[in-house]
Number of protein chains: 2
Amino acid sequence: MALIVHKYGGTSMGSVERIKNVAKRVAKWRQAGHKLVVVPSAMSGETNRLLALAKEISSQPDPRELDVIAATGEQVSVGLLSIALQEAGVDAVSYAGWQVPVRTDSAFTKARISEIDSERIMRDLDAGKVVVITGFQGVDPEGHITTLGRGGSDTSAVAIAAALEADECLIFTDVDGVYTTDPRVVEEARRLDRVTFEEMLEMASLGSKVLQIRSVEFAGKYRVKTRVLSSLTDPMIALEEEMNSGTLITFEEDETMEKAVISGIAFQRDEARIAVRGVPDKPGIAYQILGPVADANIDVDMIIQNQSVQGKTDFTFTVPRNEYQRAMDILTNSVKGHISAEEVVGDPKVSKVSVVGVGMRSHVGIASKMFRTLAEEGINIQMIATSEIKISVLIDEKYMELAVRALHKAFELDQI
Amino acid sequence: MALIVHKYGGTSMGSVERIKNVAKRVAKWRQAGHKLVVVPSAMSGETNRLLALAKEISSQPDPRELDVIAATGEQVSVGLLSIALQEAGVDAVSYAGWQVPVRTDSAFTKARISEIDSERIMRDLDAGKVVVITGFQGVDPEGHITTLGRGGSDTSAVAIAAALEADECLIFTDVDGVYTTDPRVVEEARRLDRVTFEEMLEMASLGSKVLQIRSVEFAGKYRVKTRVLSSLTDPMIALEEEMNSGTLITFEEDETMEKAVISGIAFQRDEARIAVRGVPDKPGIAYQILGPVADANIDVDMIIQNQSVQGKTDFTFTVPRNEYQRAMDILTNSVKGHISAEEVVGDPKVSKVSVVGVGMRSHVGIASKMFRTLAEEGINIQMIATSEIKISVLIDEKYMELAVRALHKAFELDQI
């Protein structure tokens, strides 16, 4: 008998019929003798509907109140799923984040989980109940409702699995696993049976939308055995088969993986590039530029500082496209004059493409192969960033699909 | 500067436009220097939508989970209203019942408020904030979400006003006050400027849908000055005018009221009558019949026991029509044999009509006038129940409107 956490996304919870299917699937696992905790998302479309109401009232709604509103989507889901489980003959009870409690910091709309109390859950599990817990949300030290940001239910599920020391966390989703790249961009993309935690982290951070990045961080930090698998199969599929489907996130490189130098091509379409030019080159300049941007809660990704020429340097970095205007305003209005920069320029239409693979560590020539492939397609590289297991380039948005396809082929990811 | 509680019903919160109007009205009161607590209902239709989802999954959904689901409607409302208030330049903060906390017992879907902690609310009010609190819900001693039953937001508002020792509780609704009877049944129905707490209690319990009966009980118990008034007026209506509109629930009979013997005609359409016939007449028989019904949480209203004939008696009572089948099942399956009754019969199509008025205490002849009026219309009386300030009769449902109209006219309620 194992302790298993299931997470179901909004599509899987999208209608009464689908919720009943989730209940059937969970009931099957329960009847096999496992202890089950289930973390469902809001019914698909519900979070958007709620946030749209708030946006109709105010263009800049209070984040605290947004969380009060958005948290209700998951609360409806846990109630409905518990009823569906009971209807399927399974004893079940639901909890909102504050009832567990799932403790977070106070960063409304993008809170981070600090602690999960497992006592209440374990008591119910020991009593034979399936425990259904809201994803996406928690409660801060002042007792305010918080949410974890888009995709936060993945993080909730993995964090709960970590707190309960669960045997496995199954992320049921509308794709059947992690692919070498997005199959909508490259038809030949292949599903990976296994991927290391580090590769998954890079893939997630680089825009592979399968899992929220923080869920992968949690999985890595607490060594939670996590599997991404399909919720679109027949809910009565044999347990043995289901247990081996999808993609498992592993913590060791095994022999098979050693052979594959590159595991996948990740990309992030909606990037923007900002350059602060002609900045007097003196200590602390990077902080003076990026500090105000970070204070405004804007994520900065790639950062490049050119070599200084005649005491002046250029400073270039990327931000998510939807934060571009806000970042430009901050830099133009309050930073530029302060640091005596010559100009602030930007391009909101760039994309990032990356090759990712743990095998890269022990192989040379990956970078040059990547750059040659892009050159052969006539794609100009605007910025480069590297880590131990990935190389990323920033390119004009219009070449993104082309670059991904060319790299997928060049690294032979279409071949088993 | 007064401390005022506003309550807004689902219709008043029915759309983004209406929520903005509520915010305007509250802002007007705040700007006049008052401390404001606002208790909104769920957006109209929302509670029904949520409960329908649950009913689609199970014909008998778990009441605990129903409350988890239903409570979200009000949570969305408080978030949206707080955002609308902030947009109107008013500092506002929202709380769900569990955050206050509003403590209740554990009777899911029909919980009762036991205690309200005023500390957090008072702190925010002292800081100049408008505090927006979910109606309809609370939290039980185990930390489970509870709801107070339909119309529970009225009770929440009055109970919060009591806990805060507020100067007045304003119940904004889609009618402009309490009427001598339902204007949809009797065109000549008149709005009452004042009504005593006791009359209001009888009217509410007898089906006048303006206020939930428990809110009136709270208003009486804690002497909360409560006013029912329209939310459909221009939100910028002069404060002075608004403060004197609607119907005030008073605690003393004043001179004006002494003159009116009868204040209103109340009615309850959806009643059912059940008779247990041929019961051996011995001590404890009433408890043996009604105990199992009460245990099943079915409200019993009028009760009659006939004089015993040859050691046997008949026992007749009424229940809400939607509980009729359940009550009949309990009586037929487990009670009838146990007490050796001859038969259990019933009629699910009866209605109750009542004349209500504190003036009745000092006037004779009200009952005879009522019975004569009904007799003249050819309406048969099936049961009679009386209290100090009301007389109720049970009649065939099809005569209900006729009875109400005839009584309204006979007691000259159409005349000022």
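Me: In this predicted model, how far apart do the C-alpha centres of domain 1 of chain A and domain 2 of chain A lie?

Reply: The two C-alpha centres lie 34 Å apart. Domain 1 of chain A takes in residues 3-175 together with 210-252, and domain 2 takes in residues 264-410.

Me: What makes a residue of chain A count as being in contact with chain B, and how many residues of chain A are in contact?

Reply: Two residues are in contact if their C-beta atoms, placed from the backbone, lie within 7 Å. By that criterion 28 residues of chain A touch 28 residues of chain B. The elements giving two or more residues to this side of chain A are α1 (16-31), α2 (46-57) and α3 (63-87), and α3(A) gives the most, with 14 residues. By residue class, this side of chain A divides into 14 nonpolar, 9 polar and 5 charged.

Me: Why is the relation between chain A and chain B called that of a two-fold axis?

Reply: Chain A is superposed on chain B by a rotation of 180° with 0.1 Å of shift along the axis, at an RMSD of 0.1 Å; that is the relation of a two-fold axis. The same surface serves both copies, since 100% of the contact residues of chain A recur in chain B. Of the residues of chain A, A:Thr72 comes closest to the rotation axis, with its C-alpha at 2.6 Å.

Me: What makes β16 and β19 of chain A the edge strands of their sheet?

Reply: The open sheet has 6 strands in the order β16-β17-β15-β18-β20-β19 (chain A), with antiparallel pairing. Within that order β16 (303-305) and β19 (383-387) each pair on one side only, and they are therefore the edge strands. From one strand to the next, the twist averages 25°.

Me: Which strands does helix α12 of chain A lie across, and at about what angle does α12 run to β20(A)?

Reply: Helix α12 (residues 366-376) of chain A lies across β18 (343-356) and β20 (390-396) of chain A, running at about 20° to β20(A). Both β18 and β20 belong to the open sheet described above, where they stand next to each other in the strand order.

Key: Residues are numbered from 1 along each chain as its sequence is written. Chains are lettered from A and ligands numbered from 1 in the order in which they are written. This is a predicted model: local features need pLDDT of at least 70, side-chain atom pairs count only at pLDDT 80 or more; totals for chains, interfaces and linings use all residues. Domain bounds come from an automatic or database domain assignment. Helices (H or I, at least four residues) and strands (E, at least two) are DSSP runs, numbered from the N terminus. Ala, Val, Leu, Ile, Met, Phe, Trp, Tyr, Cys and Pro count as nonpolar, Asp, Glu, Lys and Arg as charged, and the others, Gly among them, as polar. Copies are superposed by least squares on the C-alpha atoms of residues with pLDDT of at least 70 in both. Two strands pair if DSSP finds at least two bridges between them. Axes are lines fitted to C-alpha atoms, for helices over the stretch in contact, and angles run from 0 to 180 degrees between N-to-C directions.
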